[in-house]
Amino acid sequence: MQKIFLILLLSFPAFSFGQKQQYKIAYNVYEDTAKDNYDIYIMNMDGSGQKNITNTPGVEWVYYAYEDKIFFISDRDTCHRCYFLYQMDTEGNNIRKISALQLEDSWMSSRNNGTEMIVSGRVGKLRSQLFLINLKDGSYKQLTNDTVSTKRDPLFLPGANE
């Protein structure tokens with residue numbers, strides 16, 4: 001069985017003298033091609049401590065980390081490859097569905113101290129539209145309404161004028 005990896009670095013403060021940051025790595029693994037099963041793993045920077053932190057059938061893709069939170073898309077409670085945004089801690093605990101907005105398989109970015117995220121989502125038959133999601137309450141605001149082009153992989157640009 002071939003496994004495919006996508007790596008995302010996570011940082012979190014370690015309590016030590018000097019309060020320096022330590023990192024872990026979160027990455028996607030294509031566990032089972034016949035079942036189209038992807039899981040999210042973490043490991044230490046030296047490659048040790050590899051651990052499956054989702055371990056569910058279906059698709060879980062890690063796309064973003066902010067402080068001690070991992071944001072990922074999953075089809076865990078819906079139809080196959082119908083993605084929604086979830087949050088968990090760096091050990092795979094405290095999983096929470098963020099919003100009822102169906103998402104595309106796309107990168108995302110946050111701003112305002114990790115309280116707001118830009119994503120590519122869909123409403124009705126309109127696919128790949130850009131939305132802002134409030135990460136506290138799951139509310140969202142549609143930014144584009146374009147039936148011709150598709151928009152994916154949005155990022156906030158730090159320092160850009162609003």
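Predicted model: local features only at pLDDT ≥ 70, side-chain atom pairs only at ≥ 80, totals over all residues.
Reader: Let's start with sulfur. How many disulfides are there?

Author: A disulfide is a pair of cysteine sulfur atoms within 2.5 Å. That rule gives one disulfide here. The partners are cysteine 79 and cysteine 82, with sulfur atoms 1.7 Å apart. The link is left-handed, at -75 degrees about the S-S bond.

Reader: Are cysteine 79 and cysteine 82 buried or exposed?

Author: Buried means under 20% relative accessible area, exposed means over 50%, and partly exposed is in between (1.4 Å probe, protein chains only). Cysteine 79 is partly exposed at 39%, whereas cysteine 82 is buried at 12%.

Reader: Now the aromatics. How do I read a ring pair?

Author: A pair of aromatic rings is described by the distance of the centres and the angle of the planes. Rings of Phe, Tyr and Trp (its six-membered ring) pair if their centres lie within 6.5 Å; planes under 30 degrees apart count as stacked, over 60 as edge-to-face and the rest as tilted. The structure holds eight such pairs. In one of them, tyrosine 30 and tyrosine 38 have ring centres 4.2 Å apart and planes at 0 degrees, so they are stacked. Tyrosine 30 is buried at 13%, and tyrosine 38 is buried at 9%. Tyrosine 64 and phenylalanine 71 make a tilted pair, with 6.3 Å between centres and 45 degrees between planes. Tyrosine 64 is buried at 17% and phenylalanine 71 is buried at 1%.

Reader: Which residues do ring pairs link into a cluster?

Author: Tyr30, Tyr38, Trp61, Tyr63 and Trp107.

Reader: And where does a charge sit over a ring?

Author: The test is NZ of Lys or CZ of Arg within 6 Å of the ring centre and within 35 degrees of the ring normal. Arginine 76 has its charged end over the ring of tyrosine 86, 5.6 Å from the centre. Lysine 97 lies over the face of phenylalanine 84, 4.1 Å from the ring centre.

Reader: How are strands S5 to S8 arranged?

Author: Strands (E, at least two residues) are DSSP runs, numbered from the N terminus, and two strands pair if DSSP finds at least two bridges between them. Here four strands form an open, antiparallel sheet in the order S5-S6-S7-S8. S5 (60-66) and S8 (96-97) are at the edges with a single partner strand each, so one side of each has no neighbour in the sheet. Two bridges join S7 (residues 84-89) to S8, and tyrosine 86 stands opposite lysine 97 in S8.

Reader: Last one: which residues touch the most other members of the largest nonpolar core?

Author: A nonpolar core is a set of buried Ala, Val, Leu, Ile, Met, Phe, Trp, Tyr and Cys residues joined through side-chain atoms within 4.5 Å. Of the 19 residues in the largest one, those touching the most other members are Leu85, Leu103, Met108, Met117, Val119 and Ile133. S5 gives the largest share, three residues. Apart from this core lies another, of 10 residues, among them Ala26, Ile53, Ile70 and Phe84.

How values were computed:
Residues numbered from 1 in each chain as written. Heavy atoms only, no water.
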